[in-house]
Amino acid sequence: MNPDTTLRSTSHPRLGFRPDGAPGARTFASVRDLYQHNETFRGYFLPAQQLAEEDLASPSEPLLLAACWVATGEERFAQAALKALETVELKPTAQSDYYSPVWEFALAYDWLFNHPDLTEARKRAVEKKIADVLESELNDCD
C-alpha cells in the first residue's frame with residue numbers, strides 16, 4: 001500500500017468536510033441542514049455570520065466568508081470569499097506583523113474548490129498565491 005496514493009483524495013472538500021454523498025462524513029449538506037433546523041447551532045453561529053456580513057462590502061476574511069457560505073448556502077458569502085481569495089494580499093509571516101493567514105486561504109480555497117465561479121484560471125491564481133507564501137514559510141523553517 002503506497003501512502004502517497006491511498007490517502008490522497010482527489011475530490012474536494014478535503015479539509016474538515018467531505019464531498020456530499022460521502023458516507024459517515026460531515027458534508028456541506030449536513031451542516032446546512034443543521035443550520036436550518038437546529039436553533040442552538042444557529043445561535044452559536046450567529047456572531048460569525050454577523051462578522052461576515054460586515055466583511056461583505058470589502059471582503060478581507062476568505063475563511064470567515066467561506067464558512068458562512070458552507071453553513072448557510074448563501075451565494076453572497078461565496079462571492080465575497082472568492083473576491084477575498086483573489087484580492088487580499090497574502091504575505092509570509094516574515095513580512096507581517098503576525099503569522100501569515102496562508103492556512104485560512106488554503107482552507108477557504110478547499111471549501112470553495114467546486115464552486116462554479118471558481119474557474120480554472122482563478123484556481124491557478126489562488127494556488128500560486130498560496131504556494132508562493134508556503135514556499136517562503138517553509139524556507140524560513142529551514
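1. In which hand does α3 pass α4? The crossing is left-handed. Note at the outset that this is a predicted model, and the points below should be read as such.

2. Geometry of α3 and α4. Helix α3 covers residues 39-55, and helix α4 covers residues 62-72. Their axes come within 9 Å of each other. The crossing angle is roughly 125°. An angle from 65 to 115 degrees would count as roughly perpendicular, and one over 145 as roughly antiparallel. α3 and α4 are therefore oblique to each other.

3. Residues between α3 and α4. On the α3 side, the contact uses F45, A48, Q49, L51, A52 and D55. On the α4 side, the partners are L64, L65, A67, C68, A71 and T72. By class, the residues of this contact split into nine nonpolar, two polar and one charged.

4. Geometry of α2 and α3. Helix α2 spans residues 28-37. Its axis and that of α3 come within 7 Å and cross at roughly 100°. That angle falls in the range of 65 to 115 degrees, so α2 and α3 are roughly perpendicular to each other.

5. Residues between α2 and α3. From α2, the contact draws on V31, L34, Y35, Q36 and H37. From α3 come E39, F41, R42, F45 and Q49. The class count here is five nonpolar, three polar and two charged residues.

6. Aromatic pairs. The structure holds six of them. One is F28 with W69: the ring centres lie 5.5 Å apart and the planes stand at 75°, so the pair is edge-to-face. This pair links distant parts of the chain, with F28 in helix α2 and W69 in helix α4, 41 residues apart. Both F28 and W69 are buried.

7. A further pair joins Y35 and F45. Their ring centres are 6.0 Å apart and their planes are at 85°, so this pair too is edge-to-face. Y35 sits in helix α2 and F45 in helix α3, 10 residues apart. Y35 is buried, as is F45.

8. Aromatic cluster. Which residues do ring pairs link into a cluster? The members are F17, F28, W69 and W111. The edge-to-face pair of F28 and W69 was described above.

9. Is Q49 buried or exposed? Q49 is in helix α3. Its relative accessibility is 8%, so Q49 counts as buried. Setting aside neighbours within four places in sequence, Q49 is in contact with Y35, C68, T72, E74, R76 and F77.

10. Where does L56 lie? L56 is in the loop between α3 and α4. With a relative accessible area of 22%, L56 is partly exposed; the cut-off for buried is under 20%. Beyond its neighbours within four places in sequence, L56 is in contact with L65, R76, F77 and A80.

11. A separation to check on the model. L56 and L138 are 82 residues apart along the chain. Their C-alpha atoms are separated by 32 Å.

Technical notes:
Residues numbered from 1 in each chain as written. Predicted model: local features only at pLDDT ≥ 70, side-chain atom pairs only at ≥ 80, totals over all residues. Heavy atoms only, no water. Axes fitted to C-alpha atoms, helices over the stretch in contact; angles between N-to-C directions. Helix = DSSP H or I, 4+ residues; strand = E, 2+ residues; numbered from the N terminus. Parallel < 35°, antiparallel > 145°, perpendicular 65-115°, else oblique. Left-handed = near helix turned anticlockwise from the far one by under 90°. Contact = heavy atoms within 4.5 Å. Nonpolar A, V, L, I, M, F, W, Y, C, P; charged D, E, K, R; others polar. Phe/Tyr/Trp six-rings, centres within 6.5 Å; stacked < 30°, edge-to-face > 60°. Buried < 20%, exposed > 50% of the residue type's maximum accessible area, 1.4 Å probe, protein only.
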